[in-house]
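Please look over the sequence and the model shown here before reading on. The report then takes up some of the features in turn.

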Amino acid sequence: MKFSDLIKKKPVDPPEAVPPPAPVSKPVPAPAAPPAPSVFTQIPKRPTESTTVQPLPADEPDEVIEQRVAAHALKATEVYSEALGVLRDLFRNLQSPEPQSSWPVPKEVIFELIALLQSGNEELLALADRSTPDNYLYAHSLNVAVFSLHLGLAMNLPKEELLTLGLGGLLHDLGMIRYEALALKAAKLSPEEMSLIRKHPADGQAYLSVFPTLPADMKEQLFQIIGQSHERAGGGGYPSGLTTAQIHPLAKIVGLCDIYEALTHVRPWRNRMLPHDALKVLIDQFETEFDPGTVRTLIEALSLYPPGSFIRLSSGEMGRVIFTNRGLPTRPKVRLIMDGQNQRLSRPKIVNLATHPILFISESVDETHVKSSDQRLMLELRAQRWWVKGL
Ligand SMILES: [Fe+2]
C-alpha cells in the first residue's frame, strides 16, 4: 500500500488531492465540505458535546486572522511552558537519589491541552513541531501527549478516555529516564545497549507506583499504554512482539504519535524529517507497523501539511501553515512571508488554499535551509525551529 492509495481511499478528499509534488490543477470544492466519516476501526466514535472541536472560522480579514494566531501562540506558549515544567519536575524527582514516593497525577496539564485543542488552537501543534536543544525527553513526552490528544479529539473519544490517552502520552517513556545517557548518546547503540533500552517500558510501568491516587482502572490502562506503545501491528515491536489485535487501542495512538514525533525531531545521532515527509513514511509502512485506521485519522487530524510546516506555493511564495482545513489535507490556510525570490514580503499575506483553486503547495520546505539575501530573515527562521524557554 502506498501513499497515493491511502489518499485515494479517503472519501472526503477533493478529487485533485493527489500526493505532492504533483500539482493541483482542478478547481477545489467549496470549503464547507461535510465532516469526514471516521475510518478508525478500533474505537467507535462516540460524539459528546464536551469533546467536540470547534469548527474552522469562515474567511476573515487578514488582520483578524493574524490577531487570532498571535493570541493562540501566546496561550499555547504559556500552557506548553507550564507543562514542560511539570514533566521536568516529575522526571527529576524520579531521578533523584531519594525520590518522593507520592507524586500528583498531572491531570491539569491534560485538561489544559484538551481545552486548547478544542478551542481550535493549532499553534499548540506548531509548538510541538519545534525542537529542544538539550534533553529531548520532556518535550518528546509532551509532544506525544499533544498529538495523541489531537487524534483522540478527532475520534470524539469521551473525556475520561482522553485523560487516560493524554496521560499515556506524557508517561509512555517514563522508563527512559533510567537510560537517559543512552538516549542522548550520539553514536550508534551496541546490541547490549539496545537490549537495555528495550527494558524501558517495564521500568515505566514500575514507576506508575509514584501516583498512589490514580484510580485502579486508569492505572491498568496506563500500564498497558506504557507497556505496549512500542509494539507494532505486524508483531515487530517490543517488548512482547504483540500483533495488532492484542495491542490496546490507546497504545496504538500513543505508539503512532511517538514515531511521528521522533521522526520530525532532531536527535543527537540524526537530523529531523519534515512533517510531510514523515507522514509519507508512516503511510508507506502502515501495513506492517501501524493500524491503518489510526494512520488515516492522524492524517485527517494533522492534514498532509501539519500546522507549523513551512511550505512553498506554486506562485513561488513561502510561508507556514497556520490552520488546517478539515477534509482538505493538501489545502491548509497559510501565512506567507517570502516572495518567489526569497525576499521578505512587505507585509505577511494570509491565503486560504481551500478558496484559491489556482494555487497549490509545490513543496514542503526546511526553513532552516532557506537561502535569502535577507540575513535577519534567515536567522529568524532558524530561531523559530527551537524551543528555548523553561528547560
Ligand atoms: Fe517515545
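The sections below cover the basis of the model, a helix, a nonpolar core and a sheet.

## Basis of the model

This is a predicted model, in which local features need pLDDT of at least 70 and side-chain atom pairs count only at pLDDT 80 or more, while totals for chains, interfaces and linings use all residues. Residues are numbered from 1 along each chain as its sequence is written.

Helices (H or I, at least four residues) and strands (E, at least two) are DSSP runs, numbered from the N terminus.

## Helix α2

Helix α2, residues 62-95, has 34 residues and reaches 48 Å from its first C-alpha to its last, close to the 50 Å expected at 1.5 Å a residue, where the expected span is 1.5 Å times one less than the number of residues.

The buried residues of α2 are V69, H72, A76, Y80, A83, L84, L87, L90 and F91; a residue is buried if 20 or more other C-beta atoms, placed from the backbone, lie within 10 Å of its own. What covers these buried residues includes α3 (107-118), α4 (123-127), α5, α6 (159-171) and β2.

## The largest nonpolar core

A nonpolar core is a set of buried Ala, Val, Leu, Ile, Met, Phe, Trp, Tyr and Cys residues joined through C-beta atoms within 7 Å. The largest such core has 80 residues, of which L113, L124, L142 and V146 touch the most other members, and its largest share, 10 residues, comes from helix α5 (residues 137-154). In soluble globular proteins, nonpolar side chains tend to be buried together.

Leaving aside its neighbours within four places in sequence, L113 is in contact (C-beta atoms, placed from the backbone, within 7 Å) with V79, A83, A145, V146, L149 and G166.

## The five-stranded sheet

Five strands form an open sheet in the order β4-β3-β2-β1-β5, with antiparallel pairing; two strands pair if DSSP finds at least two bridges between them. The edge strands, each pairing on one side only, are β4 and β5 (361-365).

Strand β3 (residues 333-338) is joined by five bridges to the antiparallel strand β2 (residues 318-323), and five bridges also join β3 to β4 (residues 344-352), again antiparallel. Within β3, V334 is the bridge partner of V321 and also stands opposite V351 in β4, while K333 has N352 of β4 as its bridge partner. Together β3 and β4 form a hairpin with five residues between them, and N342 in the turn has a positive phi of about 60°.

Conventions: Buried ≥ 20, exposed ≤ 12 C-beta atoms within 10 Å, placed from the backbone. Contact = placed C-beta atoms within 7 Å.
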